[in-house]
Amino acid sequence: AEEGLVLSARGLAKLEVAHAARQWREESGARLPELSGEGAVAEGLVLRGARHPLLLEELRAERLEEVVPIDLRLGDEFDLLILTGPNTGGKTVALKTIGLCIVMALSGIPVPAVGKPRIPWISNLFADIGDEQSIEQNLSTFSSHLTNLVEILRDGDSNSFVLLDELGAGTDPLEGAALATSLLQWFKDQGWAAVITTHLSSLKEFAFLNDEVEIAAMEFDAKTLEPTFRMITGIPGRSHALEIARRLGVSE
């Protein structure tokens, strides 16, 4: 009897997830994606008009006036994307949007995008996003990032997808840039798929020197000193640190 109850509970849970996914699709306009073949970039990742699901919920609740969508294509001509642009410009949100769309698709949940989204059938999704410094664990900002990178290098393969936020940050800029460049070279040589955000000029240069690497920028309106949150592929973006500092109230 106990085993039957467990099986019934599991069945009800699956039905509840399926019902929630259908309701989400109807209410949000999310799309069922096409799943590409084996290999992280075997047939590529295509997202058009993708929006972070939590921001989409804020929009539906009228707590936001607008959510700027992003477009991304990975795998046809390049496997690595380096995302640049200003602080507060939307790089990390774009990174999280990509990761969530992949996880949702592989969980059988429609993704918040338009058209015909395509998601690669991957074995692992690795992400190093945010600051996990810890006094208790004796981890600085830089060492916490390195801890995650060690795990990625140990367990990742060409059927993995990697998301890295501010690669090479939190230490001496020249040494951080050298480490970040070598990691990108490793990803490229191994055929890994990855999206990396950065402010480092050397990584922007790396993108221009390698055909398998693309660069993109989060747009910034220099006249209004405001980010537009639009992702533009094919051009590098500036950090606009001084303009942002001025906008946030740092005196001349």
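F187 is buried, with a relative accessible area of 0%. The model in which this residue sits is a predicted one. W192 is also buried, at a relative accessible area of 4%. Both values fall in the buried class because that class covers anything under 20%.

The structure holds one aromatic pair. Its members are F187 and W192, whose ring centres lie 5.2 Å apart with planes at 20°, so the pair is stacked. The reasoning rests on a cut-off: planes under 30 degrees apart count as stacked.

Next come two helices. Helix 5 covers residues 173-190 and helix 6 covers residues 201-209; their axes come within 9 Å and cross at roughly 25°. That angle makes helix 5 roughly parallel to helix 6, since angles under 35 degrees count as roughly parallel. The crossing of helix 5 past helix 6 is right-handed.

Which residues in helix 5 and helix 6 meet? From helix 5 come A177, A180, T181, L184 and Q185, and from helix 6 come S202, L203 and F206. Sorted by type, the residues of this contact are five nonpolar and three polar, with no charged ones.

The last stop is V114, in the loop between helix 3 (91-106) and strand 5 (118-121). Leaving aside residues up to four places away in sequence, V114 touches R31, R48 and G49. Between V114 and A222 there are 108 residues in sequence and 30 Å in space, taken from C-alpha to C-alpha.

Note on methods. Residues numbered from 1 in each chain as written. Predicted model: local features only at pLDDT ≥ 70, side-chain atom pairs only at ≥ 80, totals over all residues. Heavy atoms only, no water. Axes fitted to C-alpha atoms, helices over the stretch in contact; angles between N-to-C directions. Helix = DSSP H or I, 4+ residues; strand = E, 2+ residues; numbered from the N terminus. Parallel < 35°, antiparallel > 145°, perpendicular 65-115°, else oblique. Left-handed = near helix turned anticlockwise from the far one by under 90°. Contact = heavy atoms within 4.5 Å. Nonpolar A, V, L, I, M, F, W, Y, C, P; charged D, E, K, R; others polar. Phe/Tyr/Trp six-rings, centres within 6.5 Å; stacked < 30°, edge-to-face > 60°. Buried < 20%, exposed > 50% of the residue type's maximum accessible area, 1.4 Å probe, protein only.
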